[in-house]
Amino acid sequence: MLLWQHLGQIEKNNFMNINEVKTYKAIILFNEMMNNGRKFKTVMNGDDKILEPLFIDLLAKNYLVINGDSYNTTEEGEKVFYNFMKKYKEYLKIYDIYSLVDLDKGEFAFEKFYDFTTDAQWDAYKNDQRFFDVRIPVAKFKKMNPSEIVFMSFINENNRFDTSSTGWQFDLMADNIWMEIDDICRSAIMIEDIGEDVLKNMIKRGTEVMMELMKKEIEINKQKLEEAKKEYMCLADDDEGMSQTDEYIVETTTIIEEYEEDLVYYDPYWDPWYCSPIWYVPLFIW
Amino acid sequence: MGLFDRIGRIFNAKANTVVNKMENPTEMSQQIIRELEEKFKQAVDAEAQVKAINLKNNADLVKAKQDVIEWEKRLNGILDKIDAGDNSPETANLSHTAADKYNEAVANVAKREQIVATSNEQVKTMEDNVNHIKEAIESAIDKSKNIEARQKVAEASETINKAMSSTNTDGLLGTLDRMEEKVAATEYRAEAYAGSAANSSAASKIDAIINNTSTDATLAAFRANRKK
């Protein structure tokens, strides 16, 4: 089936429209340009040529400019990507924990995140069938865009947008992945399936779990910091060792400060209906 | 290719070699590849400039189409108002303005489409030219590799043949012939010595027979000697 026919299908349902799809595609490109430092060329661009219609749309909206034979992001484009990264950070902090919820017991798999010593143990635990993904009903409850949450989960999990693989440009411009996101949005558990009161309580509990996880993270990093400081004291004559430990101390202190700031930043989330305004601001204006 | 062109190319390939030596096929072919690559770079730069204009034209077309959609929305909004009973001159004026703007936007799209079509053709021509040079480079690289391999084989054969020709094989063979003759002479002499030894033995036998008093014995000895 041709692309426009599929996009027509996407347009028909209630979850994703063409502009949302275009936004997500553009985010992947911007991530490639800004986080991975890739230069997309206007000529002699091989497989990147397939991305040209998207580049033209971004040029038309001044999110990109041409510099010599390459596309460069504009200040406006960088601002959009920065906003997306802010959203993505929130997604990882707040919404990811709703991906594994035991609806019968009201338990979150992430409650036990620090109980396991290896990734394999954690994977075995979280793969238990009793856990359900309730990110979409939570997003809908908070009046967020569910497709945005699924898109972010695709970025975070299993590297669904693997830009190091051959033909990724085709995958991005074709619509299979967008249809899949759309299908997930349509077939997900709905608010009605859970019940609004249950969902409200679950979000409250989810906020507690999130705060506990952040506090635990601060605690772990503080312990690491103390150990590093002790080590630093013992390295009186080892200049290189002192420099490395000093660096580690600075990094760990920064992490602790960030988490402490996060505790304040995410405080409004004790209100189950609260959602940061950044989620309501569209990324690209097409 | 004119002589001066050839000499110029050779000087580029290796400035301080004598003219004969300068016609090294490998160096020449590599220099040709370098020249083609330089042309390719220039063509790509030119294509990038044309492509940048083309992309801008395409982006302008996208904007122009968006303008049509927006003026269409505005015009429909005003017409909805009029249909709902707003007969004020301001609204009528606005409807005319919106209609004019809509027409302008549609005309702009048509103009932009024409520009994009021309621009697309220019880009296509540039792409074809760049691809042509690219193919020429690929072909030149293949040929150059072939020339290099053949030159190496030829040089190796030449070295061997030169080595063969510079060695005085006639002299060596003459020596061998002389050695052979010498051996043959020795052999002849040996045979000759062997023959004289045999004659000497026959004479002593005759002498013994002569000295033998027995007739029968003498005859037997003669007969035996005659049979040999």
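Visitor: How many salt bridges does the structure hold over all chains?

Guide: Welcome! This is a predicted model, and over all chains the structure holds 32 salt bridges.

Visitor: What makes the pair A:Arg38 and A:Asp48 a salt bridge?

Guide: Their side chains meet at 3.5 Å, N to O. The cut-off for a nitrogen of Lys or Arg and a carboxyl oxygen of Asp or Glu is within 4 Å, so the pair counts as a salt bridge. A:Arg38 and A:Asp48 are 10 residues apart, and each lies in the loop between α2 and α3 of chain A.

Visitor: Which salt bridge joins chain A to chain B?

Guide: One of them is formed by A:Glu52 and B:Lys51, with 2.8 Å from N to O.

Visitor: Which helix gives the largest share of the side of chain A that touches chain B?

Guide: That is helix α3 of chain A, residues 52–60, with 5 residues. By class, this side of chain A has 7 nonpolar, 3 polar and 5 charged residues.

Visitor: How much area is buried between chain A and chain B?

Guide: About 1200 Å², with carbon and sulfur atoms giving 72% of that area. In chain A, the residues that lose the most area to chain B are A:Val43, A:Met44 and A:Ile56, together 41% of what that side buries. The contact draws 15 residues from chain A and 15 residues from chain B.

Visitor: Which residues meet where α2(A) and α4(A) touch?

Guide: Among them are A:Ile27, A:Phe30 and A:Met34 in α2(A), and A:Phe81, A:Phe84 and A:Met85 in α4(A). The contact of these helices has 6 nonpolar, 3 polar and 1 charged residues.

Technical notes:
Residues are numbered from 1 along each chain as its sequence is written. Chains are lettered from A and ligands numbered from 1 in the order in which they are written. This is a predicted model: local features need pLDDT of at least 70, side-chain atom pairs count only at pLDDT 80 or more; totals for chains, interfaces and linings use all residues. Side-chain values use heavy atoms; hydrogens and water are left out. Contact means heavy atoms within 4.5 Å. Buried area is the accessible area (1.4 Å probe) that two parts lose on being put together, summed over both. Helices (H or I, at least four residues) and strands (E, at least two) are DSSP runs, numbered from the N terminus. Ala, Val, Leu, Ile, Met, Phe, Trp, Tyr, Cys and Pro count as nonpolar, Asp, Glu, Lys and Arg as charged, and the others, Gly among them, as polar.
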